Amino acid sequence: MSNLASDEELPTGVLDNREDHSPGDEPLEDAGHWVRHANLGLTLSILLTAGAFFLAGSNIIYGPAVPIALIVLAIAQMGVHLVFFLHITTGPDNTNNVLALAFGILVVFLIVIGSIWIMDHLMQNMMPTRMEDMMQMQP
Amino acid sequence: MFGKLDLSAVPLSEPIPLITSAVVILVALGVLVLITVRGWWPYLWHDWITSVDHKRIGIMYCLLGVLMLIRGFADAIMMRTQQAVAINAEGYLTPEHYNQIFTAHGTIMILFGAMPLVLGFMNFLVPLQLGVRDVAFPTFNSVGFWLTASGALLINISLLIGEFARTGWLPYPPLSETAYSPGVGVDYYLWAVQISGIGTLITGINIVTTVLKMRCPGMSYLRMPVFTWTALASCLLIVAVFPVLTATLAMLTLDRYVGWHYFTNTAGGNPMMFVNLIWAWGHPEVYILILPAFGIFSEIFSTFSGKPLFGYRSMVAATLFICVVSLLVWLHHFFTMGAGAAVNTFFGISSSIIAVGTGVKIYNWIFTMYGGRVRFEVPMLWSMGFIFTFIIGGLTGVLLAIPPADFVTHNSLFLVAHFHNVIIGGVVFAIFAGAEFWFPKAFGFRLYAGWGKVAFWCAFIGFWVTFTPLYILGLEGMTRRLQHINVPEWGPWLYVSVVGVAILIVGVVAQVVQLVVSIRDRELLRDVTGDPWDGRSLEWATPSPPPFFNFAVMPNVEGEEAYWGIKLRAIETQQLAPEPKYAPIEMPVHSPVGVYTAFFATVFGFAMIWHIWWLAIVALVAAFAGFVVFAWRDVHEFEVPAEEVARAERARRASREALLRKLSEEGALP
């Protein structure tokens, strides 16, 4: 934030580099840069998507590892979208966006992991249905 | 042609809903006729219905909330009296009707009473406290409000046409699945809550963006008033969890409409997943309500103690702590559902820990009063009543957070007493305190204090007389939502509770009388200074009511308690800051897109409820068309000429100079 009294006045319509920007709010002169950026992102996403279909249909890698590979590709895809399309960077003009992303990831993490843990735990107080479990209950 | 809708949908055999709807329709018609006869339509249409002014939208939110509070209170009166007369008897409400009443009571009070009021306060105050002229997305704001109103309208239509859900305010499957709830009740619930939920999400996004991106010069994060901080935390929670609600209800909708199996007992569904997901929204939801309430109390305690808030930074830290930890406690609503010791212990401990954040706040408020010059005005009475009430409610909450204790009290009246204790003692007291406090800012005159005190004491005493018996009955083993009772020993406590309701009714009447008396005597109660309570944050720097552009020139904030600093400097130097150069201001144009979208959203919801598919498609297309037309608009702003700005600002400066003279005559110089 530029709250210092020493800050010089900027003409209206020009964004201060030190200020937070929202996605899409970037200075106009960078437009060409963003187009190249977006094309690179598009190429990477296509490669990652095609790679996922290719891996699922082939046996290049060890069969049971395919789901893991797909998850890795999916997460990479999210990263590509965030960097190339949503323009999340580590620059000082991006603090709000990074914080918002971190908060979003935290919330999704808590609710998804929490739900999996809770739902997995719900059988704890039930009568066992399998014979082996029943045997284990005997003292 | 009309789906499931025919004349049998009107409950002709049940006099209570029929007479109520008749009265409501007659009153509504009377109001419409009055507006038409007096020729108020152009004023209403241009200045309110299509307004994108955050203050107007905030006031409309509050009006909606108050109407729905009265509706929910009527439901509460029926429940308390039914239980008092149905001891070894049938009572006057059939089980079908009674079940609809407790469902409607919960849904309306939380989602259509408390939520609009809290959102109304945020809308009205956040831009004023930040020293800016509007929220980030003004037209979006109007859409959000009207969608909430649309949901409220759908719920109230269910009184006359069809029925409402009988499932409780969170429609747990399998009871809410088609097999056990074949009627339209659950569908009314689903569409009303979905439509208003989107409205709430819109407001949440709006406030978060406003706070993060639109502060006036010098308003750094740690100079923002605590109410704005709590509004930010609350809206972060809205953005985080309302999509969970939308997704969960969408899954139940798919179960009911196209026969899917998310929450059924068969075909791989799991009803327990619904309970898990709905509370992943439901628990943060109660913090969405209570955090802004804490903000309101913080403003009131420091203003009426004549001191800066004690521990401002710890207050901010506690707010953000509650914001994050509130996402970690949802299982305490279903300790008894079957999870083992590890899960229950984790959530039990996290539920107890969240009380630490609240504890920090309570001490900060008490220390704010300590050594201050406390003025016992009506907002302060509500706030002190809140501290007492909320501590008890919080303590019973910590008790319920202990899983073994919860197994005894789960779904008992002890639980009912606990959450009414925190929601009435916290949120409702905050709303009344805040209404009293900011009423002069919104309307230009104070509320008559005498009736305000009557209302406070009736509400405070009435609350304890109503709910203390419920705590006792809960420990005696009475469960919630009983249509009739066959344990005569419980009778005396239920009668005491009805006496409490009677005291609360007197309180409500006192509030209405207060409003009427204040409007009648508005010239006597007029707030000419814009700063009736000796306030400390920027909203008091504006005249009452503020001009639609809020600030003629953006304030320049140089410390915490922005307005207090400006005021002290003026008193020290015996003059106002030098007159600035006035420039024209750009303000957003009014837009009917909000009310248009909401109208078709209501039609869409109604059509979906009654399976009138063609109408649903037409309404959806129409609503979308409104959005497209809006996106292609040419004019979004109009210019307020510098002369008009100067005129408004000079009037404000004149009133400030009068205030300054008055203060120096009284010897309030430092």
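Reader: How many Å separate the centres of domain 1 of chain A and domain 2 of chain A?

Author: This is a predicted model, in which local features need pLDDT of at least 70, side-chain atom pairs count only at pLDDT 80 or more, and totals for chains, interfaces and linings use all residues. Residues are numbered from 1 along each chain as its sequence is written, while chains are lettered from A and ligands numbered from 1 in the order in which they are written. In chain A, domain 1 is 27–87 and domain 2 is 91–122, with bounds from an automatic or database domain assignment. Taken over C-alpha atoms, the separation of the two centres is 21 Å.

Reader: What percentage of residues 98–119 of chain A is helix?

Author: An unreviewed UniProt entry annotates residues 40–62, 68–86 and 98–119 of chain A as "transmembrane region"; such annotations may be inferred rather than shown by experiment. Helices here are DSSP runs of H or I with at least four residues, and strands are runs of E with at least two. Residues 98–119 of chain A have end C-alpha atoms 31 Å apart and 0% strand. Their helix share is 100%.

Reader: How many residues of chain B does chain A contact?

Author: Two residues are in contact if their C-beta atoms, placed from the backbone, lie within 7 Å. On the chain A side, 18 residues meet this condition with chain B. Those residues divide into 10 nonpolar, 7 polar and 1 charged (Ala, Val, Leu, Ile, Met, Phe, Trp, Tyr, Cys and Pro are nonpolar, Asp, Glu, Lys and Arg charged, the others, Gly among them, polar). On the chain B side, the number of residues is 21.

Reader: What radius of gyration does chain B have?

Author: The radius is taken over C-alpha atoms, and the globule rule is 2.2 Å times the number of residues to the power 0.38. For 670 residues, a compact globule would come near 26 Å. Chain B agrees with this, because its value is 25 Å.
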